[in-house]
Amino acid sequence: MLKLAERLYLLRKEHNLTQEATAKELGISMKSYCRYEKKEREPTASILVQMAKFYNVSLDYLVGLKDERE
């Protein structure tokens, strides 16, 4: 999921959020969130769903299967 890390970073920056604030909103540790952005770890399906809902994008967009956000 190479696109996932890039999209998480871009979406977070678009929303003017820090990694810490984003992790808090998602209910995960900052360490875990940082690892997702650094491509060191992949989130579970339930976390991916939370992220897509939080950023109001489709799962396909988030993981790089589509370029359309919805």
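1. Let's start with Tyr-55, which sits in helix α4; helices here are DSSP runs of H or I with at least four residues, numbered from the N terminus. Tyr-55 has 3% relative accessibility and therefore counts as buried. On this scale, buried is under 20% relative accessible area, exposed is over 50%, and partly exposed lies in between, with a 1.4 Å probe and protein chains only.

2. A word on the model before going on. It is a predicted one, in which local features need pLDDT of at least 70 and side-chain atom pairs count only at pLDDT 80 or more, while totals for chains, interfaces and linings use all residues. Residues are numbered from 1 along each chain as its sequence is written, and side-chain values use heavy atoms, with hydrogens and water left out.

3. Which residues is Tyr-55 in contact with, leaving aside neighbours within four places in sequence? They are Leu-8, Leu-11, Arg-12, His-15, Thr-22 and Tyr-33, where contact means heavy atoms within 4.5 Å. For Arg-12, 43 residues apart from Tyr-55 along the chain, the C-alpha to C-alpha separation is 8.3 Å.

4. The rest of α4 (residues 45-55) is worth a look too. Its buried residues are Ile-47, Leu-48, Met-51, Ala-52 and Tyr-55. These cover an arc of only 140° around the axis, so they lie on the same side of α4; the arc is that of the directions from the helix axis to the C-beta atoms. Ala-45 and Lys-53, on the other side of α4, are exposed.

5. Helix α2 (residues 19-26) packs with α4 at about 110°, their axes 10 Å apart. Axes are lines fitted to C-alpha atoms, for helices over the stretch in contact, and angles run from 0 to 180 degrees between N-to-C directions. The two helices are therefore roughly perpendicular, a label for angles of 65 to 115 degrees (under 35 is roughly parallel, over 145 roughly antiparallel, and the rest oblique). On the α2 side, Thr-22, Glu-25 and Leu-26 make the contact, and on the α4 side Gln-50, Met-51, Phe-54 and Tyr-55 do. By type, the residues of this contact are 4 nonpolar, 2 polar and 1 charged. Here Ala, Val, Leu, Ile, Met, Phe, Trp, Tyr, Cys and Pro count as nonpolar, Asp, Glu, Lys and Arg as charged, and the others, Gly among them, as polar.

6. Helix α2 also meets α3 (residues 30-37), with axes that come within 8 Å and cross at roughly 110°. That makes α2 roughly perpendicular to α3. From α2 come Gln-19, Glu-20, Thr-22, Ala-23 and Leu-26, and from α3 Met-30, Tyr-33, Cys-34 and Glu-37. This contact divides into 5 nonpolar, 2 polar and 2 charged residues.

7. Which residues of α2 are buried? Thr-22, Ala-23 and Leu-26 are. Their arc around the axis is only 100°, which puts them on the same side of α2. Glu-20, Lys-24 and Glu-25 are exposed on the other side of α2.

8. Finally, some backbone angles to check. Most residues other than glycine have a negative phi. Asn-16, which is not a glycine, has a positive phi of about 55°; Asn-16 lies in the loop between α1 (2-14) and α2 and, at 71% relative accessibility, counts as exposed. Lys-39, in the loop between α3 and α4, has a positive phi near 65°, and at 48% relative accessibility Lys-39 counts as partly exposed. Just after α4, Asn-56 has a positive phi of about 60°. Gly-27, which follows α2, has a positive phi near 75°.
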